[in-house]
Amino acid sequence: MRHRSLLILTTAVTAGALTLSACGSRSDDKKSGGGSAATVVIGVDAPITGELSALGLGMRNSVQLAIDTANKTSEVKGVTFRLEALDDKALPNVGQQNATKLAGDKDVLGLVGPINSGVAQSMQQISQQNGLTLISPANTTPDLTQGKDWKQNRRVRQFTTYFRTATTDEIQGAFDGQFAWEKLKAKTAYVIDDQKTYGVGLASSFKDQFRKLGGTIAGSEHISPDDRDFKAVVSKAVAARPDLVFYGGEYPASGPLSQQLKDGGLSVPLMGGDGMYSADYIKLNKKAQGDYASSIGKPVEQLPSAKKFIADYKAAHFKEAYETYGGSAYDAAWSLVQAVKKVVADNGGTLPADARKKVVTAMNKVSFDGVTGPISYDAYGDTTNTMITAYQVDKGTWVSRFSAEFKKFDKS
Amino acid sequence: MSELPQQLANGLILGAMYGLIAIGYTMVYGIVQLINFAHGEIFMVGGFGALSVHLALPAATPLALALPAMLLGGIAVSVLVGVAAERFAYRPLRGAPRLAPLITAIGLSLALQQAVWRWYPDGKQARVFPQFKGGALDILGATVQRGDLFVIVAAPVCMIALGLFVGRTRSGRAMQATAQDPDTARLMGINTDRIIVLAFAIGAAFAGVAAVAYGLRTGEVQFRMGFIMGLKAFTAAVLGGIGNVYGAMLGGLVLGVAEALATAYVEEIPGMQQFGGGAWKDVWAFVLLILVLLLRPQGLLGERVADRA
């Protein structure tokens with residue numbers, strides 16, 4: 001008897017834990033009544049829960065907005081779009097499961113996501129096998145499109161089904177290096193990364209550009225993104241007395257890191273990439289004042305093309321802000337809508353049987369003025385838009401300081 | 001080597017937190033031979049308990065005044081969860097094969113994490129924990145944050161109190177007796193159930209103190225914070241000799257200092273450059289653990305006890 005009751009208890013506790021974690025995956029299937037119209041599902045894979053959920057929710061809402069807009073204006077006649085959002089918790093294996101699940105539904109013609117480059121790596125294969133377009137508003141690792149030998153300039157397109165509206169770390173990190181040298185007049189920089197795909201890539205292209213321009217890397221360190229006590233690394237950075245600390249990684253760790261750097265007596269700013277550009281970074285860091293982060297595109301608030309997006313987003317009364325990737329997620333979803341439009345038009349106004357394959361082909365030719373600027377894709381599936389903006393924390397918000405197209409800004 | 005005092009301070013402060021959490025592992029193990037893997041989460045809920053008290057107080061309350069209430073709140077929540085875990089999850093399994101309570105502990109750990117994640121307001125993201133205003137202090141050539149003073153004071157006070165309790169009081173001696181031989185202790189009229197609850201409660205209270213220290217130091221609490229800290233504290237308990245409360249504290253300090261020094265100095269050893277820095281600190285901490293266990297399988301302060309199956 002005793003044994004049975006303990007077994008039941010163990011099972012109950014474990015089952016309880018599993019059920020609770022399953023609550024995380026919430027799918028929004030708002031069915032919009034389209035009568036006899038064909039339904040096209042656009043999938044979203046993003047971290048809707050967990051540390052990066054602020055970014056993921058903004059992304060999901062923005063795709064929802066693009067879909068609602070397309071449906072309202074009948075952008076594609078005879079087609080009703082529907083959203084199916086899955087939570088990847090920023091975990092590669094969950095992203096892979098989500099991609100498999102969505103690929104199994106023949107109505108799904110495209111998938112917007114994920115945020116993390118590491119998650120994308122696990123989803124690309126599934127996307128390729130199923131001929132399903134995968135388009136990320138946030139992935140910035142060059143390898144995803146150009147292969148691992150891009151550093152030797154041997155660039156090969158990796159997956160014909162993968163596209164992104166975000167520019168690569170190679171360009172963003174180099175922009176950061178250029179900005180630190182030219183605009184911040186930093187001569188020495190201390191570089192820290194979080195040992196993840198995104199962080200390491202960003203940090204290494206920052207280093208390359210900064211060195212090329214004549215700067216000195218005063219030292220490099222690595223932290224574990226799950227730690228919150230970085231004092232040992234901080235003490236080393238403080239001892240190196242750099243003009244700037246550069247961090248490759250995301251805001252959950254960089255918030256405490258920045259605070260501990262300043263607590264440790266280093267009064268220079270911390271700079272990072274788009275993974276750091278979040279309102280939560282400032283919330284979690286009482287000493288964020290003066291820190292920098294770069295992000296892809298121009299600030300949406302400044303783009304005339306984005307005014308409508310911001311107004312519509314407000315009007316839709318989403319609970320969460322559109323955050324860093326809202327604009328580019330909208331553009332990603334809109335690219336899919338445009339690709340579907342072309343496919344339908346080429347097929348005499350109806351959705352063909354091999355729509356997925358045709359959407360992939362059509363994606364390569366997509367071209368429109370999006371929220372973040374002119375949208376089109378190059379031979380690797382990368383965005384042709386290399387506009388990047390540097391932001392600085394001032395009085396509790398991110399303020400844009402400098403925007404440039406990297407191609408023109410590069411002086412190395 | 002000018003960094004040395006600073007790195008020692010970093011390591012000792014982090015180690016004191018490991019030590020406070022490790023007490024919970026070691027006391028429970030010493031008495032019921034159970035590795036309570038949910039202890040990291042008991043630490044985590046303590047952090048949220050303290051935060052809740054802070055949020056309930058008027059916003060203008062100075063932190064120095066709010067701190068005692070927060071501390072009590074954190075301890076109360078940790079103890080409540082710890083005692084409830086013992087009563088409803090572990091007690092029914094007493095006498096069951098060892099694997100059963102171990103798996104229960106892992107399940108409980110997940111359940112507690114997910115419960116905070118699901119039900120604590122904004123628990124899905126890191127919550128901001130209050131911090132002391134004002135700059136850092138300079139103590140013996142090391143920069144120390146004001147918030148860290150809390151753990152510098154709290155850890156020794158807790159240890160002395162625990163030492164007095166275990167050595168001098170009736171309940172403390174009953175606890176030692178139960179640890180040595182629960183059956184004989186019961187024959188001597190000791191209510192062993194009560195002693196076991198007491199062990200869980202004391203361990204949880206220390207975890208609550210550590211959670212407040214953690215919050216003050218890092219400025220945030222989040223539902224996953226118990227995982228890494230719990231794992232490190234468990235390592236500290238093994239390093240110090242599981243079952244020995246002083247060993248837990250010593251193990252924590254040694255582990256914290258080892259991590260800080262490994263981050264700072266391993267790369268300065270000729271030929272070891274690629275094995276240095278923050279990326280390798282955990283590796284060196286575990287190398288140390290393995291070395292200690294090879295030379296002293298019972299841990300630094302552990303006593304050689306026959307393993308009771």
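Begin in chain B of this predicted model by selecting the helices α1(B) and α5(B), where α1(B) passes α5(B) in a left-handed crossing. Residues 4–32 form α1 of chain B and residues 146–168 form α5 of chain B; the axes of these helices come within 10 Å and cross at roughly 40 degrees.

Next, display the side chains at this crossing. On α1(B), select I13(B), A16(B), M17(B), G19(B), L20(B) and I23(B). On α5(B), the partners are D148(B), V151(B), I152(B), A155(B), C158(B) and L162(B). Which classes of residue make up the contact of α1(B) with α5(B)? Ten are nonpolar, one is polar and one is charged.

Now turn to the boundary between the chains. Here 42 residues of chain A are in contact with 43 residues of chain B. On the chain A side, select α1 (2–22), which contributes the largest share, twelve residues. Other elements that each supply at least two residues include β7 (216–222), α8 (231–240) and α9 (251–263) of chain A. Coloured by class, this side of chain A shows 14 nonpolar, 15 polar and 13 charged residues.

Finally, remain in chain A and colour its two parts: domain 1 (35–167 + 302–381) and domain 2 (169–296 + 388–409). Their C-alpha centres lie 28 Å apart. Where they touch, 18 residues of domain 1 of chain A are in contact with 19 residues of domain 2 of chain A. On the domain 1 side, select α2 (53–72) and α4 (117–129) of chain A, each of which supplies at least two residues. That side of domain 1 comprises seven nonpolar, nine polar and two charged residues.

Terms used
Residues numbered from 1 in each chain as written. Chains lettered and ligands numbered in written order. Predicted model: local features only at pLDDT ≥ 70, side-chain atom pairs only at ≥ 80, totals over all residues. Domains from an automatic or database assignment. Contact = placed C-beta atoms within 7 Å. Helix = DSSP H or I, 4+ residues; strand = E, 2+ residues; numbered from the N terminus. Nonpolar A, V, L, I, M, F, W, Y, C, P; charged D, E, K, R; others polar. Axes fitted to C-alpha atoms, helices over the stretch in contact; angles between N-to-C directions. Left-handed = near helix turned anticlockwise from the far one by under 90°.
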